[in-house]
Every structure is written in structure tokens, then in C-alpha cells.
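Student: I'm new to this one. Could you walk me through it?

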Amino acid sequence: MQRKKFKKSQKEHQDEKRLNLSLSELNTYLKKAAVLVCLFLIGHIGFSQTSSSSIFSTKGLSAYQNLISGDLSPIPSVSSSELNYLNLYRHTLSVFLIDTLELDQYETVFDQSIDSFKKSSGNLKHQYFEADARLQASLVYYKFGNQLDAAWQLRQSYRISSSLLKVSPDFLPAYKTYGLLNLLLGSVPEKYQWLLSLAGLNGNIKEGKDFLTKVSLSEAAVAKESFFLSLISQAYILGETTKTNNAFQRDKLNTLITMALASKNKEGNEVIKVFHSGSNNTYFPQSYYLLAEAYFQKAEYAEAEKNYEIFIANFLGEANKKDALFKLYLISKFHRHNTPKANKLLNELNNLNAITTADQNAEALLENENFNFSMFKLRMAIDGGYNKLAIKLLGELKLYNKSDSIEALYRNARLQHQLGNMTEAKKLYSKTMIQPRINNSYFAPNSALQLGLIYEENNQLDSAVYYYKKALGYKHHIYKNSIDAKAEAGLNRIESTLND
């Protein structure tokens, strides 16, 4: 008997399943990229010095500058459209930096702002405000896992920004928003680009970087924001190493962003230096977390302990708290040999959620019955760029089982890579990849990724493609999203190079 016409055929069901899977994977990728940017977002407003008065009043400009320095206090009395925009911007930053705002609270502010901008839809300034507000909302929705609303707001922001530039190609603020959109959409893996095309979205990494660079190198008041947004995008979306030195005043937000970039670059001493070079004594709690990480990597446990405790006491959200408490537990148990305190911390750890990848890693290590503290110290020293300490710890390393032997091989590969001993690093990475994977470890996947990066840097593109694809093939490991994103970014760079 034939199926009734309104029922889907088996092929239609299979096609729908495949489409839904692709959409799900695409949303996962976009969510990760968006949240990474937003964790250290410093704003999207852009204007040339000659046109700043047409966008902000004197009071509005002052309020904006306070925001991008990290002052999240209520916006003072300014014009209606400025107040709605700046208030939304303050709430966006609060979502990611304070982490206590609920989505329904944010949506109330967002809806009020959009209604205000639409009343003067022909006004370039209000069009820009709306485009930028929708981009901010998209990133917030991604953070909360509300993917359909996020995609809709992203599309609306793209539509308004591109239309605005067609009408007024000299309107600098639009290049900020449109540049970030191009970079974000352009970094989506090639196999998902058809989905973006269906939605009328087209990204281009080179154009996105060029737009951001164009603004950051200008004498516009937006140069500071553009500079940092460019660095953040390159580091957290494209996986590129970025410089951390800059001439801007070390205000509260600048300090946090610069510390985060230095930490990602494995520059522990730079993290410490940046923190202590701040122009005032007020910091976001996350700065204390990054400082504590650098001291733990350096094996200066008293300083690490003090700053982890400051972070936990002052950060109202949950992100990275489990990891910080885990490090305090390790210090108490293995360094201070304070068993009662360690047991107390362990009980507290069991009541915390694993929000970030660092939290999830801490949770996995807690469940590891064969946890090796000497191995963990080596890992942390390498992550902080403390190479002399890492060499010393490698010589003192204690191996208790097969898993330790495999990890030691991988850690040595990471150290040799960091020291610039590429021949030895490649050999050790290759040895790591042929070892059995125990407990779905990430050592082989990241070894493949690192080999891809090495071969790409040496312009051996066929080998680079091979190892990037190899990295993507590994399943079920804790850093899969991060490693896959970096491998996809590598493949995108190579494809762009070959097409030039």
C-alpha cells in the first residue's frame, strides 16, 4: 500500500535528519565562536572623530567611554536613543562579565531599545544602533543556548549593516559591525556555508579582518575597541597567536582582555606583569582567576591560592569556579598536605556545576583514580610558558601506569614544540598518535592538530590538510569543540591561500 501523500518518504526523513544534524553542528560551532568573543567583548560602537557628535552627545560619549573602560554602573541621563543603546550595551557586557543576568531581564531591555530605534528607522545613527543591538542580542542568545533567536538576530544585524553600507559607504560604525559579522560567518566550516547561503548570509574572513584593521588604524575614537576586537577575533575564532602589548591605558576591561590574550599565548609572566601595571586597583574577578592561573603554572602556590580565593569570593557567576576550587583542593592536598581542608574543598566541589571547558576538565580529573600531581604540575608549567621549570619537572616526573607514559610522551612533545625543537616535537607528536587512546584522551587529537599547524607554517600544505582532517576525525574527547574549531580554521586558511 502506498503511503498517503502528506506523509514524508523515507528519503525525505533521511534528508530532514541530515539537515537537522547539520544545523545542530553549525549552531554548536557558532555558539562556541560567539561566546568566546563575548567573554571578552568590549563593544562595537564606531565613529570617526569628525562625526562623533552626530552619534553621541557629550554626555553620551562620556558614558560610552566609561563603559569600554569596564564601568558597568547605570547610564546617566542622556538622550532617549543613546540611553536605550548604552543601557543595552551595559546589559550585554554584564551578561558575560558579571554572569548573573537572566535572559528575560535582558530581553526586556532589548525590546525597549529596538522599539526606540525603529521610531527613526531612516536615521543612520539609529540604523546602526539597531544593527549593533541585534548583533549583541544574537551573541547573548547563543550564550543561553537559544539558537533560533540567535540566528534570527544575526541575520537581521547582517541585513541592516550591509544595507547601511550600500547607502552610506563612509559610515565608519557599520564597518565595525559588518567586519565582525564577516569574520564570524567566514570562519564557519566550508561544509556548512550552504546553510548560511540559504539564509542570505555570506562571510569573508579577509574582508572582516580588513574592516576591523581599517578602523583600528584610524584616528577614530573607536580605535581602541577595534584593536581589541580584532585581536580577540583572531585569537578566539581563528585560533591565531596575537600580540598583547598595546599603548592604551590599563583600565579595568583592557587589563582583563590583555591578561586573557597573554594567558592564551602561554605567557604566564606577561599575565602577572599586566595585572600589576593596571592604572587603578579595581579589577574584574576574572582577572584574579587569570592571575591565580599564572601563579599556579609558575608553582608559586601561596599567590595562586590567595587569588583563586579572591576570584571565588567576588565572582557572582559560576564559570570557572569549579576549576578554581579544584586548584585550591590540589594545593591543600598535595602541596600543604592539609587533608581536612582538602576534604572540605572536595565536598564543595561536588556541589558546583561544570560550566566551562576548564570546569569540565577539573571534573574529569577529579574522577580519575590515577591522578598524577607531578604530571599536572608539568602540564601547568608548559601552559604558562615556564619552560625552564617544565624541563626540571619533566626530569622529576613519576610514571605509575601506561596512561602516564602516553601523557608524558605528549607533554614532552608540547614542551619541545614550545622550545622550537620542531624535529623532535614532530617525532613525539607522531608517537603519541599511534598510542592507544585511554579514556578518550585528547592527546592524539591535539597532536594531530599541532602537526597540522607545524606543516602549515612550513608551507607543506598537503601534510597540513592531512593532519587537520585527522584531528577532526577523533571522537568523544573533552576538547573536541576547541580542537575541531582550530582544525577547521586551518583548513579555511589553506583553502583561502590556494584560492588567492
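Predicted model: local features only at pLDDT ≥ 70, side-chain atom pairs only at ≥ 80, totals over all residues.

Tutor: Residues are numbered from 1 along each chain as its sequence is written, and side-chain values use heavy atoms, with hydrogens and water left out.

Student: How many helices and strands does the chain have?

Tutor: Here helices (H or I, at least four residues) and strands (E, at least two) are DSSP runs, numbered from the N terminus. On that basis, the chain comes to 25 helices and 0 strands.

Student: What share of the 500 residues is buried?

Tutor: Buried means under 20% relative accessible area and exposed means over 50%, with partly exposed in between (1.4 Å probe, protein chains only). Buried residues make up 53% of the chain.

Student: How far apart are the end C-alpha atoms of α24?

Tutor: Helix α24 runs over residues 461–473, which is 13 residues. The expected span is 1.5 Å times one less than the number of residues, so α24 should span 18 Å. The model agrees, with the end C-alpha atoms 18 Å apart.

Student: Which helices do the buried residues of α24 pack against?

Tutor: L461, A464, Y467, Y468, A471 and L472 are buried in α24. Seen down the axis, they fall within an arc of 145° (taken from the directions from the helix axis to the C-beta atoms), so they line one face of the helix. On the other side, D462 and K469 are exposed. With contact meaning heavy atoms within 4.5 Å, the buried residues pack against α22, α23 and α25.
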